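Please look over the sequence and the model shown here before reading the notes that follow.

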Amino acid sequence: MTEVEIIRDRGPRNYSRRKFIKGVIAAGATVSASSYLFRGPGVLTAGQARGGVERLMTLSVNGQQRRVDVLPYETLAMTLRYKLGLTGTKLGCDRAECGACTVHIDGVSHYACSMLTHQVRGRAIRTIEGLESPDGELHPVQQAVMDEGGFQCAFCAPGFIMSMAEFTENNPGATREQCAQALSGNLCRCGDYNKILNSAERAVEYMSQRA
Amino acid sequence: MAVIRDMIPPCELFQPASIGDALNLLDQYGEDSWVLAGGLDSFDWFKDRIKRPEAIVDLGGIEELKGIRADGDGLVIGPMTSLTEVATHPDIVGRFGLLAQAAAEVATPQIRNQGTLGGNLAQDTRCWYYRGGWPCYRAGGNICYASAPKAMNAEHCVFGASRCVAVNPSDTAPAMIALDAQMVVTNAAGETVYDAEDFFIGPGIDIERMTVMEPGDLLTAIRIPGTWAGADFHFEKIRDRQSWDFSLVTVASAIRTSGGTIQDARISVNGVAPYPMRLDEAERAVIGQAASDDTGIAAGDIAIRRAQPLRHNAYKLPLMKNLVRRAVRAEV
């Protein structure tokens, strides 16, 4: 897209020189964004004009305070995986349609692919990496999945385990059916739902033993 | 349409803390602005590069848009209240169970945790030609791909088509109409209150919008009057999968009976027209009648009387007829 097109697209409002220059930068940024990386200089300057959000932020991830430079339009899954190195959070569909990227925000399950990192500033993020206790003891859900051999290829496992963790932590004594309901926002393409639900039931049991 | 579908292209993000600040931003950016609530409708548009706003205005930081509070014998719900909260709030579950059930059947647990009531009501249609970036009427073009001879239109409308045949996908919208809710829309000029059934508009009024809201408008409150609190409710959403999917046909009804006779009724369906439809004629037909299966059958027949199915969606007629029948009969 050329600068001329950008200006024509944006309608009849007055265009300052600054806005013209910004349009040029944005056009450059679109091209460099296609490289899949965030770090091109074009991307870093775009979106910064005229206020908006502060890009440098501190995120609370798995109990740690992490300083990170986040683009205004960056999803949490991108930040976690490509800025913070927390690749346990998987990107399946990137469209809130599979559940592989499920993480906890203040203890509640969300799709990390479908929220902006700036929307979770100041909130507690927990990913699959933060489930085990500091001494390395597995979370009851993780232990249950290990014991039941819960997944086949397991690409969806981190998302399922996060959903399962939130549900079992808050619903002691849940039934298999309630677990299925709670896991209805996660897809398994291997179709291993039976073993996943076995794991969930065992997780409920482990959780009650721990309490 | 070879597009990159991995990340959102550059734009600015604003996170105002008050309705006033948000309105100023919307005013300043006009049609280049985008109101972001939960984001479940927005991010697909951005990632597909079909909608390219210059400035995203995230309403997540505006406390006055959140929460549920009593208002006389009714309720006022902030549009930024999550669907999970709507589905589980004791006042809604106890007195307006219809809305709680509608919210509980939206998509998946994760989406309900993030998606908002306002976003669910104001969401755009899911017609896949339109969502796929085809230059249809709704997108400013001059053709409807979904009603072309070989189009795949099983999910499209049987009522209310006007060039566009897309349907309104909201689950909570028909519940709002059945509960006689009001939508408070605020812009720089002030506040306007709409009845739920007037809030949603069809392509005959404006083919590019789903609701009365134009750029610069914000949905700032949803008022549920006490009128229908504790009535006999029926909500049923039919979809292909019991998770994630949008409805094929949804019915929501609120009925008051006395001694087996229907005293008053509001029935609404969604998934069959470009807007959630109130079934006035069926309502009039059941009021004063026995709350029986026969009344339900009669109401169902009336409800589908003027339907005009497309090539692949005639199945919606018996589906809708039976849902209306059950909505009336269920209160026996």
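The briefing below goes through sheets, helices and single residues by topic.

This is a predicted model, in which local features need pLDDT of at least 70 and side-chain atom pairs count only at pLDDT 80 or more, while totals for chains, interfaces and linings use all residues. Residues are numbered from 1 along each chain as its sequence is written, and chains are lettered from A and ligands numbered from 1 in the order in which they are written. Helices (H or I, at least four residues) and strands (E, at least two) are DSSP runs, numbered from the N terminus, and two strands pair if DSSP finds at least two bridges between them.

**Domains of chain B**
- The domain assignment divides chain B into domain 1 (1-63), domain 2 (64-122 + 167-227) and domain 3 (231-329), the bounds coming from an automatic or database domain assignment.
- Taken over C-alpha atoms, the centres of domain 1 and domain 3 of chain B are separated by 36 Å.

**The five-stranded sheet of chain B**
- Five strands of chain B make an open sheet with antiparallel pairing, in the order β4-β5-β8-β6-β7.
- At the edges stand β4 (68-71) and β7 (190-195) of chain B, each of which pairs on one side only, and the twist from one strand to the next averages 25 degrees.
- Strand β6 (residues 182-187) of chain B runs antiparallel to β7(B) and is joined to it by six bridges, with Met183(B) standing opposite Tyr194(B) of β7(B).
- Helix α1 (residues 19-29) of chain B packs on this sheet, touching β6 and β8 (218-224) of chain B, and its direction makes about 135 degrees with that of β8(B); here axes are lines fitted to C-alpha atoms, for helices over the stretch in contact, and angles run from 0 to 180 degrees between N-to-C directions.

**The four-stranded sheet of chain B**
- Another open sheet of chain B has four strands in the order β9-β10-β11-β12, again with antiparallel pairing, and its edge strands are β9 (232-238) and β12 (277-278).
- Nine bridges join the antiparallel strands β10(B) and β11(B), and Arg256(B) stands opposite Asp264(B) of β11(B).
- The hairpin of β10(B) and β11(B) has two residues between the strands, and Gly259(B) takes a positive phi near 55 degrees there.
- Strand β11 (residues 261-270) of chain B is joined to β12(B) by two bridges; Ser268(B) has Arg278(B) as its bridge partner, and Val269(B) stands opposite Met277(B).
- Six residues lie between β11(B) and β12(B) in their hairpin, where Gly271(B) in the turn has a positive phi of about 90 degrees.
- Seven of the ten residues of β11(B) are buried, so that the strand is mostly covered; a residue is buried if 20 or more other C-beta atoms lie within 10 Å of its own, exposed if 12 or fewer, and partly exposed in between, with C-beta atoms placed from the backbone.
- Helix α5 (residues 97-104) of chain B lies across β9 and β10 (249-258) of chain B, running at about 15 degrees to β9(B).
- Helix α13 (residues 316-329) of chain B packs on the sheet and touches β9, β10 and β11 of chain B, its direction making about 25 degrees with that of β10(B).

**Helices of chain A**
- The axes of helix α6 (residues 157-170) and helix α8 (residues 193-210) of chain A come within 10 Å and cross at roughly 35 degrees.
- Their contact involves Phe160(A), Met164(A), Thr168(A) and Glu169(A) of α6(A), together with residues of α8(A) including Ile196(A), Ala200(A) and Met207(A); two residues are in contact if their C-beta atoms, placed from the backbone, lie within 7 Å.
- Helix α4 (residues 76-83) of chain A is mostly covered, with six of its eight residues buried, among them Leu76(A), Met78(A) and Arg81(A).
- The cover over the buried residues of α4(A) includes β2 (64-69) of chain A, and α4(A) is followed by Gly85(A), whose phi is positive, near 70 degrees.

**Glu205 of chain A**
- Glu205(A) is found in helix α8 of chain A, and it counts as partly exposed because it has 14 C-beta neighbours inside 10 Å.
- The C-alpha atoms of Glu205(A) and Gly173(A) are separated by 7.4 Å, although these residues are 32 residues apart along the chain.
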